[in-house]
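This briefing is meant for someone meeting the structure for the first time.

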Amino acid sequence: MRDRAAFITRNLTLQTVEGVALYQAHARSRLSRLGDVPPYWAYVWAGGAALARHVTETGMARGQRVLDFGAGSGIVGIAAAKAGAAEVWADEPDPWARAAIGLNAAANAVAVGFGAAPVDLLLCGDVFYSADVAATVLPVLDDWRARGIPVLIGDPGRAALPRTRLHLVAEYSVHDMGDAPDKLTMTGVYDYQP
Amino acid sequence: MADFPNSVLFCCDHNAVRSPMAEALMKKFYGQRAYVQSAGVRNDMEVDGFSIAVCREMGLELERHRSRSFEEMQTWGDDLSQFDLVVALSPGSQKAALDLTRFYHLAVEYWPILDPTAIGEGREAKLAAYRQARDQIRDRMLARFGSPSAGTDA
């Protein structure tokens, strides 16, 4: 993990996105060296950006124990922590992303933990970009929902978004990974229905 | 090769360096076996002299390539639904290719290829970076699609 952290601090740059300082890839980062798992954690996706803005603007995470599910860079959980969440946990399978989340949390002077913990709110930014990932994620979201935990999803309308299960809460115009710097994408924040 | 595609779309961020190289290499190696095109997430750069130079070293001609985005491809009538396989050479284009699966039935593969555009000071260092990107694409292509077709000079 220390090697990953060293790689990230050496090759990425801290930038502020939606009020959160994050290590972001740039043209000289050479993330192709990291192999065949796309380094999604090195970019902010529209769904995560919208959820981060939502927790910041509404203050709805204040005092809550929050799980950032499919955390990537950690932008959503960190935004929640900055907006007064009592505890923030991150669930993220990619060890590179977990290293980035640790660095990003530190850069914002907040704490983000890893592991299974009881939470009051689940935030899930942009995980419906592929059918495979959606198939893995949906049973987990169903499980949290069945236990009465509210699940909020940020998504710009990706391929595998489970539209029939969603109630639109808010919409934000945000930047999406890979797009031109001045292009914004309307992105929804949804309540996932049981 | 059992899963040799009938049609392949290579993509990267700008369709100016990596994906045009991949398109040219694929056409050289496998000729008419597959319909091959390339596109970028956006079109805000043109093929540069370094790409042209390192491709010429392998007998590939890039001068006439005109960069285009996914959106322009569709506008110009190159139907994305005709492709079996999209090969993304950058994280941004991988994400964009996955977005296309909302509308089209496409298989998407991610081949991480060095972006040489910001690497190296001076002509020789830049050429070395572009060669490295070209050779990464070549090695990956041969590993994925097998030996070049008989009858080509690759």
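Predicted model: local features only at pLDDT ≥ 70, side-chain atom pairs only at ≥ 80, totals over all residues.

The C-alpha atoms of A:L138 and A:V127 are 9.6 Å apart in space, although 11 residues separate the two in sequence.

- Where chain A meets chain B, 19 residues of chain A are in contact with 22 residues of chain B. The side of chain A that touches chain B is made up of 11 nonpolar, four polar and four charged residues.
- The largest nonpolar core contains 105 residues, and the ones with the most contacts inside it are A:A80 and B:C11.
- Once neighbours within four places in sequence are left aside, B:C11 is in contact with a set of residues of chain B that includes B:S19, B:S38, B:A39, B:G40, B:V86 and B:A97.

**Helix packing in chain A**

- Helix α1 (residues 2-11) and helix α4 (residues 95-107) of chain A pack with their axes 9 Å apart and at an angle of about 65°, and α1(A) and α4(A) are therefore roughly perpendicular to each other. Their crossing is right-handed.
- On the side of α1(A), the contact with α4(A) is made by A:R4, A:A5, A:I8 and A:T9, while α4(A) contributes A:P95, A:W96, A:A99, A:A100, A:G102 and A:L103. Sorted by class, the residues of this contact are seven nonpolar, two polar and one charged.
- Helix α2 (residues 46-58) and helix α3 (residues 75-82) of chain A have axes that come within 8 Å and cross at roughly 10°, which means that α2(A) is roughly parallel to α3(A).
- In this second pairing, A:G48, A:A49, A:L51, A:A52, A:V55 and A:T56 of α2(A) meet A:I75, A:V76, A:A79 and A:A80 of α3(A). The contact of α2(A) with α3(A) has eight nonpolar and two polar residues, and no charged ones. A:A80, which belongs to this contact, is also one of the two residues named for the most contacts inside the largest nonpolar core.

**Helix packing in chain B**

- In chain B, the axes of helix α2 (residues 49-56) and helix α5 (residues 123-145) come within 9 Å and cross at roughly 60°, so α2(B) is oblique to α5(B). The crossing of α2(B) and α5(B) is right-handed.
- The residues that make this contact are B:F50, B:S51, B:A53, B:V54 and B:C55 of α2(B), together with B:K126, B:L127, B:Y130, B:R131 and B:R134 of α5(B). They divide into six nonpolar, one polar and three charged residues.

**Buried positions in chain B**

- B:C12 lies in strand β1 of chain B, which covers residues 7-12, and B:C12 counts as buried because it has 28 C-beta neighbours inside 10 Å. Its C-alpha atom is separated by 9.3 Å from that of B:I113, a residue 101 places away along the chain.
- Not counting residues up to four places away in sequence, B:C12 touches B:R18, B:S19, B:G40, B:L89, B:S90 and B:S93.
- B:V17 is found in the loop between β1 and α1 (18-30) of chain B, and with 29 C-beta neighbours inside 10 Å it counts as buried.
- B:V17 and B:S51 are 34 residues apart in sequence, yet their C-alpha atoms are 6.0 Å apart in space. Beyond four places in sequence, B:V17 touches B:D48, B:S51, B:P116, B:T117 and B:A133.

**Positive phi angles in chain A**

- A:E18, in the loop between β1 (13-17) and β2 (20-24) of chain A, has a phi near 50°, a positive value in a residue other than glycine. A:E18 is buried, with 23 other C-beta atoms within 10 Å.
- A:D126 is placed in the loop between β6 (121-125) and α5 of chain A, and its phi, near 55°, is likewise positive in a residue other than glycine. With 28 C-beta neighbours inside 10 Å, A:D126 counts as buried.

Notes:
Residues numbered from 1 in each chain as written. Chains lettered and ligands numbered in written order. Helix = DSSP H or I, 4+ residues; strand = E, 2+ residues; numbered from the N terminus. Buried ≥ 20, exposed ≤ 12 C-beta atoms within 10 Å, placed from the backbone. Contact = placed C-beta atoms within 7 Å. Core = buried A, V, L, I, M, F, W, Y, C linked by C-beta atoms within 7 Å. Axes fitted to C-alpha atoms, helices over the stretch in contact; angles between N-to-C directions. Parallel < 35°, antiparallel > 145°, perpendicular 65-115°, else oblique. Left-handed = near helix turned anticlockwise from the far one by under 90°. Nonpolar A, V, L, I, M, F, W, Y, C, P; charged D, E, K, R; others polar.
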